[in-house]
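Subject: Structure handover

Hello,

Here is the structure I promised to pass on. Please open it first, then read my notes below.

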Amino acid sequence: MAAEVSLASLHTDEVRRDPYPFYAELHRHGPVCRVEPGDRYSYVVHGYDAAAQVLRDSATFKVMDETLLGAKPSWEGNRAHAVFMNSVFFTNAPRHTRLRRMFNQTFTPRRIAALEPAVERLTADLLDRLAEQAAGGAKVDFMSEFAFPLPANVLGELLGVPEADRAWYRPRALALGAILELGGATPDNVAAANTASEEITAYFGELAALRRRDPRDDLITALVQATDADGAPMSEEELLANLIVVFNAGFVTTTHLLGNGLTLLLERPEALARLRADASLTPRYVEEILRYEVPTHFSVRWAAADSEVAGVPIPAGCWVLVLLAAANRDPARFAHPDTFDPDRTETATLSFGGGAHYCLGAALARLEGQRGLAMLLDRFGDIRLAAPPGTPRQLMLRGHEQLWLTLA
Ligand code: HEM
């Protein structure tokens, strides 16, 4: 018999500031718990193996899609809703399989590997700028000067979004992301996300039209040209929705990988010194940063059939909250899960999800995290916090708004 828990504290300031004690408490109740009646979710899955099972079994555990909206109508009938519901994030097989296949034709390992020189060039440019701004001991905001522009520029390069337009994009991307937060679909947030969606859809519509007339070697052109098994292209609505979510999913997440990662290192001088002394440790450090402080704390699934997870029967028709960040701290999987330890041998995490919806950009995020942090440390021998880092409150896209540093 599964324990019954309340998820109410996930909405409190205390748990938002530091959710890990709450996750540890959940683990003490077993890998899966029933949620007290009255919550939107009927089950919370936080054990590593249990969460992996739910993510991999996409026939039983579906993401929210248009057909399920009756059970969660809060975004219905608005522009942001249309964007999400036409994207890979919020579609199930067979539509998801079709869209994902078209992405796989375009978002190839070759295309990602070919981005490495661009990642290095864009990182070096930003480091030059940081060095100028930090001259004479001036404080600089790492988030706005590096952690945001690096992934935005890399994705801009990949997709073909001109540099001049990337700063315009940031507040709109943040407005769209805000409604994905737990409890984030408030009327004000939904209104802001709708306006942002209209503007971004119009923007990508023009860009896609340009690429149809004048193809280039970028992802927008490749997606415009991609076809499914029947030789049909993505519909215009699907194309624009997926361009938007890829751009959004691709930079706010990586922004926080960089910001959370640097903060963790600055708070652990010994670990930082070790990495400085041996840059070949960078991939391990990035994996441990992703495990310990992942920006995406949860995923949501809907049970399409009766099933059993970790011995707990989950009936059809329930919403399930999958706590990825808690699974990454499951003591049954990771020894001393609350210790930051880049030497751990168990490194496979659920930070990028699993199964059919496994993160499309995992390889790119790793490339940016590794090159970004390694080149930053190489360039500046002395990096210090100029102000205490704020405490993030988000569970989705969790990270710092600002991170003030001095660099020398
Ligand atoms: C540290 C960085 C990142 C993290 C932690 C992250 C995390 C995730 C997670 C957990 C999922 C699965 C969601 C679910 O199953 O419900 C996901 C899916 C996805 N991610 Fe990422 N991501 C990152 C970077 C990126 C980048 C760089 C891109 C694009 C260039 C990207 C594009 C996507 C897309 C399109 C999906 C949806 C795939 C599908 O539903 O088929 N992500 N990501």
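A polar side-chain atom of His 357 lies 2.6 Å from an oxygen atom of the ligand. Helix α13 gives the largest share, 6 residues. Keep in mind that this is a predicted model.

Two further side chains reach ligand oxygen. His 96 has a polar side-chain atom 2.7 Å from an oxygen atom of the ligand. Arg 100 also places a polar side-chain atom 2.7 Å from a ligand oxygen. In total, 28 residues surround the ligand. The closest are His 96, Arg 100, Ser 299, His 357 and Cys 359. By class, the shell has 16 nonpolar, 10 polar and 2 charged residues.

Next, strand β9.

In β9, Trp 319, Leu 321 and Leu 323 point one way. Val 320 and Val 322 point the other way. Strand β9 has these partners:

- β3 (residues 43-45) pairs with β9 in the parallel sense, over 3 bridges. Val 44 stands opposite Leu 321.
- β6 runs antiparallel to β9, and 5 bridges join them. Phe 298 stands opposite Leu 323.

Trp 319 has a charged neighbour too. The charged end of Arg 40 sits over the Trp 319 ring, 4.7 Å from its centre.

Now the aromatic rings.

The structure holds 17 aromatic pairs. Take Tyr 169 and Phe 204: their ring centres are 5.9 Å apart and their planes are at 70°, so the pair is edge-to-face. This pair links distant parts of the chain. Tyr 169 is in helix α10 (residues 166-178) and Phe 204 is in helix α11 (residues 187-213), 35 residues apart. Tyr 169 is buried, at 0% relative accessibility. Phe 204 is buried as well, with a relative accessible area of 0%. Phe 204 also pairs edge-to-face with Tyr 203, at 5.6 Å centre to centre and 75° between the planes. Tyr 203 is buried too.

These rings belong to a cluster. Ring pairs link Phe 148, Trp 168, Tyr 169, Tyr 203, Phe 204, Phe 247 and Phe 251. At Phe 148, the charged end of Arg 170 sits over the ring, 4.4 Å from its centre.

Last, some backbone features to look at.

Most residues other than glycine have a negative phi, and most peptide bonds are trans. Where does this chain depart from that pattern? The peptide bond from Ala 93 to Pro 94 is cis, with omega near 0°. Pro 94 is in the loop between α4 (79-85) and α5.

His 336 has a positive phi of about 45°, although it is not a glycine. His 336 lies in the loop between α16 (324-327) and α17. Leu 397 has a positive phi of about 60° and is not a glycine either. Leu 397 sits in the loop between β10 (383-385) and β11 (404-407).

Are these two residues, His 336 and Leu 397, buried or exposed? His 336 is exposed, because its relative accessible area is 61%. Leu 397 is buried, because its relative accessible area is 17%.

Best wishes

Methods. Residues numbered from 1 in each chain as written. Predicted model: local features only at pLDDT ≥ 70, side-chain atom pairs only at ≥ 80, totals over all residues. Heavy atoms only, no water. Near = heavy atom within 4 Å. Polar contact = N/O pair within 3.5 Å; in protein donor to acceptor, adjacent residues only side chain to side chain. Helix = DSSP H or I, 4+ residues; strand = E, 2+ residues; numbered from the N terminus. Nonpolar A, V, L, I, M, F, W, Y, C, P; charged D, E, K, R; others polar. Buried < 20%, exposed > 50% of the residue type's maximum accessible area, 1.4 Å probe, protein only. Pairing = 2+ DSSP bridges. Phe/Tyr/Trp six-rings, centres within 6.5 Å; stacked < 30°, edge-to-face > 60°. Lys NZ or Arg CZ within 6 Å of the ring centre and 35° of its normal.
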